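Here is my note on the structure, as numbered points. Please read it with the structure open.

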Amino acid sequence: MSEQDQDWSPSRVVGEIKIRGGNLRALSRSSGLQADTLRNALYRHCPKYERIIAEYLQVSVETIWPSRYNIHVK
């Protein structure tokens with residue numbers, strides 16, 4: 001299984017947000033959500049929250065969570 005077939009780990013998602021100068025709690029709040037709401041997307045399928053994270057990172061949700069969208073997963 002190649003790297004592009006695997007979901008990003010929660011620590012990678014958080015790290016990528018930090019690299020871009022943000023953090024998950026601030027992103028949640030700036031999206032009008034409670035501070036820890038987006039954390040749910042790290043562990044379970046939450047399309048709305050996944051989309052917020054992906055848009056912030058400027059990648060597709062399928063890139064971050066291919067198993068949730070049946071992309072590149074065999």
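1. Start with Arg25. The model is predicted, and in it Arg25 counts as partly exposed, at 41% relative accessibility. Its side chain meets that of Asp36 in a salt bridge, 3.1 Å from N to O. Arg25 lies in helix α2 (residues 24-30) and Asp36 in the loop between α2 and α3, so the pair ties together parts that are eleven residues apart in sequence. Asp36 is also partly exposed, with a relative accessible area of 41%.

2. Next, the salt bridges as a group. The structure holds four salt bridges. Arg12, Glu16 and Arg20 are linked in a network of them. Arg20 is partly exposed, with a relative accessible area of 39%.

3. Is Glu16 buried or exposed? Glu16 counts as buried, because its relative accessible area is 18% and the cut-off for buried is under 20%. Glu16 is found in helix α1. Leaving aside neighbours within four places in sequence, Glu16 is in contact with Trp8 and Leu57. Leu57 is one of the buried residues of α4.

4. Look next at Glu50. The side chains of Arg68 and Glu50 meet in a salt bridge, 2.6 Å from N to O. This pair links distant parts of the chain: Arg68 sits in helix α6 (residues 66-69) and Glu50 in helix α4 (residues 47-57), 18 residues apart. Glu50 counts as buried, at 0% relative accessibility.

5. Arg68 has another partner to check. Tyr43 touches both Arg68 and Pro10, not counting residues up to four places away in sequence. Tyr43 and Pro10 are 33 residues apart in sequence, yet their C-alpha atoms are 7.5 Å apart in space. Tyr43 is found in helix α3 (residues 40-43).

6. Which residues of α4 are buried? They are Tyr49, Glu50, Ile52, Ile53, Ala54 and Leu57. These buried residues pack against α1 (10-19), α2, α3, α5 (61-64) and α6. Just after α4, Gln58 takes a positive phi of about 60°.

7. Now the nonpolar core. The largest one has 18 residues, and Val13, Ile17, Leu38, Ile53 and Ile64 touch the most other members. Helices α1, α2, α3, α4 and α5 each supply at least two residues of this core. Helix α4 gives the most, with five residues.

8. Finish with Ile53, one of the buried residues of α4. Which residues does Ile53 contact, leaving aside its neighbours within four places in sequence? They are Val13, Ile17, Leu24, Leu27, Leu38, Ala41, Ile64 and Trp65. Val13, Ile17, Leu38 and Ile64 from that list are, like Ile53 itself, among the core residues that touch the most other members.

Terms used:
Residues are numbered from 1 along each chain as its sequence is written. This is a predicted model: local features need pLDDT of at least 70, side-chain atom pairs count only at pLDDT 80 or more; totals for chains, interfaces and linings use all residues. Side-chain values use heavy atoms; hydrogens and water are left out. Helices (H or I, at least four residues) and strands (E, at least two) are DSSP runs, numbered from the N terminus. Contact means heavy atoms within 4.5 Å. Buried means under 20% relative accessible area, exposed over 50%, partly exposed in between (1.4 Å probe, protein chains only). A nonpolar core is a set of buried Ala, Val, Leu, Ile, Met, Phe, Trp, Tyr and Cys residues joined through side-chain atoms within 4.5 Å.
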